Amino acid sequence: MTEDTTPYEDASSGDSPSEPTLEALAAAGFELDALSEEQYEVLRALSPEELALLVDIRGRLDAVAPEVQAHADVAGGALF
């Protein structure tokens with residue numbers, strides 16, 4: 001987190017990963033189960049803008065996943 005970043009939620013609270021930021025990431029399809037506590041702290045400290053960007057990127061990647069998967073199945077991923 002940079003000095004210009006405002007945490008979305010209080011990262012020092014020590015709460016379980018059920019905070020709004022982590023819930024939003026999980027709802028967007030991010031796998032959070034294997035993350036360390038330090039990684040949770042980074043995610044808890046995301047600003048609303050950073051969270052929105054991650055969720056948007058994930059959504060766009062998921063939207064093209066079938067096309068990418070089809071190329072990998074047909075061409076063995078040779079195009080990528």
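The structure is a predicted model, in which local features need pLDDT of at least 70 and side-chain atom pairs count only at pLDDT 80 or more, while totals for chains, interfaces and linings use all residues. Residues are numbered from 1 along each chain as its sequence is written, and side-chain values use heavy atoms, with hydrogens and water left out.

The protein contains three helices and zero strands, and along the sequence the pattern reads α-α-α. Helices (H or I, at least four residues) and strands (E, at least two) are DSSP runs, numbered from the N terminus. Of the 80 residues in the protein, 19% are buried. In this description, buried means under 20% relative accessible area, exposed over 50%, and partly exposed in between (1.4 Å probe, protein chains only). The protein exposes about 5600 Å², and carbon and sulfur atoms supply 57% of this area; accessible areas come from the Shrake-Rupley method with a 1.4 Å probe, and for residues only the protein chains shown count as cover. Among the contacts with a separation of 6 or more, 58% are between residues 24 or more positions apart, where contact means heavy atoms within 4.5 Å.

Helix α1 spans residues 20–27, and its buried residues are T21, L22 and L25. These residues lie on the same side of α1 because they cover an arc of only 95° around the axis; the arc is that of the directions from the helix axis to the C-beta atoms. Just after α1, G29 takes a positive phi of about 105°.

Helix α2 can be read in a similar manner. Its buried residues are Y40, L43 and R44, and they sit on the same side of α2, since they cover an arc of only 100° around the axis. An α-helix has 3.6 residues a turn, so residues three or four places apart point the same way. The face of α2 turned away from the buried side carries the exposed residues E38 and V42. The cover over the buried residues of α2 includes α1.

The largest nonpolar core has seven residues in all: L22, L25, L32, Y40, L43, L46 and L51. A nonpolar core is a set of buried Ala, Val, Leu, Ile, Met, Phe, Trp, Tyr and Cys residues joined through side-chain atoms within 4.5 Å. Helices α1 and α2 each supply at least two residues of this core. In soluble globular proteins, nonpolar side chains tend to be buried together.

R44 forms one of them with E19, with the closest N and O atoms 2.9 Å apart. R44 lies in helix α2 (residues 37–44) and E19 in the segment before α1, so this pair ties together parts that are 25 residues apart in sequence. R44 counts as buried at 1% relative accessibility, and E19 counts as buried at 5%.

R44 also meets the side chain of E37 in a salt bridge (2.8 Å, N to O) and that of E41 in another (2.6 Å, N to O). R44 and E41 both lie in α2, three residues apart, about one turn of the helix. E37 is partly exposed, with a relative accessible area of 42%, and E41 is partly exposed at 25%. Together, E19, E37, E41 and R44 are linked in a network of salt bridges.

On the surface, L53, I57 and L61 form a nonpolar patch with about 270 Å² of accessible area together. Patches are made of residues with over 30% relative accessible area and no salt bridge: like charges are joined within 9 Å, and nonpolar side chains (Val, Leu, Ile, Met, Phe, Trp, Tyr) within 5 Å. L61 lies in helix α3 (residues 48–75) and counts as exposed because its relative accessibility is 54%.

How values were computed
Salt bridge = Lys/Arg side-chain N within 4 Å of Asp/Glu carboxyl O.
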